[in-house]
Amino acid sequence: MSEQNDYTLLKIDDREIILIGTAHISQESVNTVVNTIDQFMPDAVCVELDHQRYQSLINQKGWESLDLKDVIKKKQLPFLLANLALSSYQKRMGLQTGVKPGAELAAAAQTAEERGMEVELVDRNIRTTLLRVWRKTGLWNKMKVMAALLGSIFEKQELDEAELAKLRESDTLSSMLDEMGKLLPSVKQILVDERDVHMAYHIRNAPGDKILAVVGAAHMPGIIKHLQGDEIAPETIAEISTIPAKTTFSKAIPWLIPSIVVALFIGGFFFGSRDQLANAATAWVLANGVLSAIGALLAWGHPFTIVSAFVAAPLTSLNPTIGAGFVTGFVQALVAPPTVRDMEHVGDDLITLKGWWHNRLARVLLVFLFSSIGSAVGTFVALGWLKDLL
């Protein structure tokens, strides 16, 4: 193995593999990528992207074709919200360096295409990664992941010149992920370690005798280890590319609370008075409806959306197949649909906290999130009241 300031050169099976570890918001990384490609003129260039992220980088008008109502019907709003939260955080960081996040990856692909080289997208599908994180972590860790995503929406990140300089160094990025690994080992395994395996496999199997790969600096140690180790079996890649099925427990949880509530009402019907039953029903409607409506209001939902939150939450709380947020999100998308301008500028708007409320696409997501939280809190409040009333 030969290490230079800008790249690492490996000899694997009589082939040359050049690895460039980058910071995703550094102009220095962009320059390094282009210069190193021109220096080595590889047969293929591998980039740390999947097809979806690649399209979002090269197609700036991709949001214009988004069918928001279809996204809601397919229950993909949580994934869209997580994706936008992550990208908005990274873009805010990029503003301070003057470089668009992922610019070095786009530069690698564009330079390779201009030079007539093969372009290989070696990262795992981002939806698969996020769903593996969600389904392979416990409830407490899920809450930590959600808190981190929410924090990335509202956090105002400011860096001084010294921190910006450190950000361009691979050791700093690796250290950040190491710290995350100590806090949430299972999340680091999925977000970092599994992707190291996935990328190393596809880099090793890229066409040609001279391969150049552009990856985030934090992935360099893991990828080098796997490239120099035993060849990775295709079965391993198939396993880490699979979205785990929901556990029996996670399938049962959504039915647990409705079952308890129904049982309480049945018990009240047979053993309590009609007045108690009426009070319990009122408590259930008010707790769920009011708190979900408040959530929609905090998201600046349309008046019709706020009313739909009040009406839907008491019912959806008893129906595990749909949440209040999907109803309110759909209503908001109908009565206040995102404009072309909202779609075109969503990436720029989400840089600021104010932008999340002023962009209509983002507001649909906030309506979904806040009304869902309101309904969930209302359910637990109502359970406490039901226990005393029935």
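## Briefing on a predicted single-chain model

The chain has 19 helices and 6 strands, where helices (H or I, at least four residues) and strands (E, at least two) are DSSP runs numbered from the N terminus. This is a predicted model, in which local features need pLDDT of at least 70 and side-chain atom pairs count only at pLDDT 80 or more, while totals for chains, interfaces and linings use all residues. Residues are numbered from 1 along each chain as its sequence is written, and side-chain values use heavy atoms, with hydrogens and water left out.

**Overall picture**

- Of the 390 residues, 45% count as buried, meaning under 20% relative accessible area, with exposed over 50% and partly exposed in between (1.4 Å probe, protein chains only).
- Among contacts (heavy atoms within 4.5 Å) with a separation of 6 or more, 78% are between residues 24 or more positions apart.
- Carbon and sulfur atoms hold 59% of an accessible surface of about 19700 Å², computed by the Shrake-Rupley method with a 1.4 Å probe.

- Strand S3 (residues 15-22) is mostly covered, with 7 of its 8 residues buried.
- S3 pairs with strand S2 (residues 8-12) in the antiparallel sense over 5 bridges; strands pair if DSSP finds at least two bridges between them.
- Within this pairing, Leu10 sits opposite Ile17 of S3.
- A hairpin is formed by S2 and S3, with 2 residues between them, and Asp13 in the turn has a positive phi of about 50°.
- S3 also runs parallel to strand S6 (residues 210-216), joined by 7 bridges, and Glu16 has Lys210 in S6 as its bridge partner.

**Nonpolar surface patch**

- Val285, Leu286, Val290, Ile294, Leu298, Val307, Phe310, Val311 and Leu315 make a nonpolar patch of about 750 Å².
- Helix H14 (274-298) and helix H15 (303-316) are the elements that give two or more residues to the patch, and H14 gives the most, with 5 residues.
- Patch residues have over 30% relative accessible area and no salt bridge; nonpolar side chains (Val, Leu, Ile, Met, Phe, Trp, Tyr) are joined within 5 Å, like charges within 9 Å.
- A salt bridge is a side-chain nitrogen of Lys or Arg within 4 Å of a carboxyl oxygen of Asp or Glu.
- Val311 is found in H15 and is partly exposed at 49% relative accessibility.

**Aromatic pairs**

- The count comes to 3 aromatic pairs, taking Phe, Tyr and Trp rings (the six-membered ring for Trp) with centres within 6.5 Å; planes under 30 degrees apart count as stacked, over 60 as edge-to-face and the rest as tilted.
- The ring centres of Trp357 and Phe370 are 6.2 Å apart with planes at 45°, so this pair is tilted.
- Trp357 in helix H18 (residues 353-358) and Phe370 in helix H19 (residues 360-389) are 13 residues apart.
- Trp357 is buried at 14% relative accessible area, and Phe370 is buried at 17%.
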